[in-house]
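Please look over the sequence and the structure before reading on.

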Amino acid sequence: MTTIDTAAITVVLPEAFDERWSRLPGIQVDGRRITIDPTEYFFRFESGTWLVADWELVKSQLLNVEETTESAVEQLALEFIKAHAKSTSDAAQVLATAYEVYAYLFRDEHLPALGLPRFTADHLRMLREAATLMALNKVELDGHISNVGPCWFFPAATSVVFDLDDETGGMLDEVYHGGWFNEHRRIEAIKAHAALGGRLVHGCQSVPDQSGGVVAPYGASMNAFRDDLAAFKSGWIEQVYAHRVAPAA
């Protein structure tokens, strides 16, 4: 049996995160410094390795490559991952890479095209932060979900941290997985997620139902993924919501 390293994960990112992330167990935010205690933070933590590729390489060799009738964008991403992705046990490297991925995917220039007048640059920041932490979740090739943290349950986690009502939390989740309904964003997401060794997959439908998302390796069994997710999600969602802070009287 492999012993998983449960030492604290510490990373310093380019952008200060909201200190209210510390409302969730096992995570402390001090400006740009984030510290995670895996034993407290994760609901399930069975794997201490992740697949990552250098973000600068993704930017220079993949983001501007166009698909053709002979080579679909998914194929381009898969070939890039095969050529350049490496396994790492450095969770801080995963978080730093994820930050770059989501700073790109949730950049302010997307705001006018979202069709959501209430959606602001501040909401994009919330998405960047939550998605960065989400990158520590993991699915194995056989579809088994090996790592699950609170950010698997996107609306629940963001409502706790940012004091969002259900409607706003759902709106964030719609934008998070909205690349499925906007081909330009979908193509961007496929290319960018090559830096995290796979593609972003969701268990939910278009209406957010908290089935979450994870960057899964190409070839992972989605049937097993769906079944594993269905078995655990409701109890853990309740645990995330339990950390909501009551509004001041």
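## Salt bridges and their surroundings

Asp122 is partly exposed, with a relative accessible area of 37%. In this predicted model, the side chain of Asp122 meets that of Arg125 in a salt bridge, with 2.8 Å from N to O. Arg125, in contrast, counts as buried, since its relative accessibility is 18% and the limit for a buried residue is under 20%. Both residues belong to helix α5, and because they are three residues apart, about one helical turn separates them. An α-helix has 3.6 residues a turn, so residues three or four places apart point the same way.

Lys59 is partly exposed at 35% relative accessibility, and Glu56 is partly exposed at 48%. A further pair consists of Glu46 and Arg44, with 3.9 Å between the closest N and O atoms. Here Glu46 is partly exposed, with a relative accessible area of 40%, whereas Arg44 is buried, at 16%.

| Salt bridge | N to O distance | Relative accessible area |
|---|---|---|
| Arg125 and Asp122 | 2.8 Å | Arg125 18%, Asp122 37% |
| Glu46 and Arg44 | 3.9 Å | Glu46 40%, Arg44 16% |

The count for the model comes to 16 salt bridges. Salt bridges also link Asp18, Arg20, Arg23 and Asp163 in a network.

## An enclosed helix

Asp163, a member of that network, comes just after helix α6 and takes a positive phi of about 55°. Why is α6 described as largely enclosed by the rest of the structure? The reason is that nine of the nine residues of this helix (residues 154–162) are buried. Among them are Phe154, Pro155, Val160, Val161 and Phe162. The elements that cover the buried residues of α6 include α5 (121–134), α7 (166–176) and α9 (222–241).

Apart from its neighbours within four places in sequence, Thr158 is in contact with Ala130, Asp163, Leu164 and Leu172.

## The nonpolar core

The largest nonpolar core has 84 residues, and the members that touch the most others are Trp21 and Tyr102. Helix α4 (residues 91–105) gives the most to this core, with 10 residues. When neighbours within four places in sequence are left aside, the contacts of Tyr102 include Arg128, Ala131, Met134, His193, Leu196 and Val215.

## The second largest pocket

How much space lies in the second largest pocket? The volume is about 360 Å³. Its lining consists of 21 residues, and those nearest the centre are Leu51, Lys138, Val139, Gly197 and Pro217. Two or more lining residues come from each of β5 (50–52), α3 (73–84), β7 (138–139) and β10 (213–216). Of the contributors to this lining, α3 gives the most, with three residues. By type, the residues that line the second largest pocket divide into 13 nonpolar, five polar and three charged.

Conventions:
Residues numbered from 1 in each chain as written. Predicted model: local features only at pLDDT ≥ 70, side-chain atom pairs only at ≥ 80, totals over all residues. Heavy atoms only, no water. Buried < 20%, exposed > 50% of the residue type's maximum accessible area, 1.4 Å probe, protein only. Helix = DSSP H or I, 4+ residues; strand = E, 2+ residues; numbered from the N terminus. Contact = heavy atoms within 4.5 Å. Salt bridge = Lys/Arg side-chain N within 4 Å of Asp/Glu carboxyl O. Core = buried A, V, L, I, M, F, W, Y, C linked by side-chain atoms within 4.5 Å. 1 Å grid on protein atoms, 1.4 Å probe; cavity = no way out; pocket = protein on both sides within 12 Å on 5 of 7 lines; lining within 4 Å. Points joined across faces, edges and corners; volume = space filled by probe spheres on them. Nonpolar A, V, L, I, M, F, W, Y, C, P; charged D, E, K, R; others polar.
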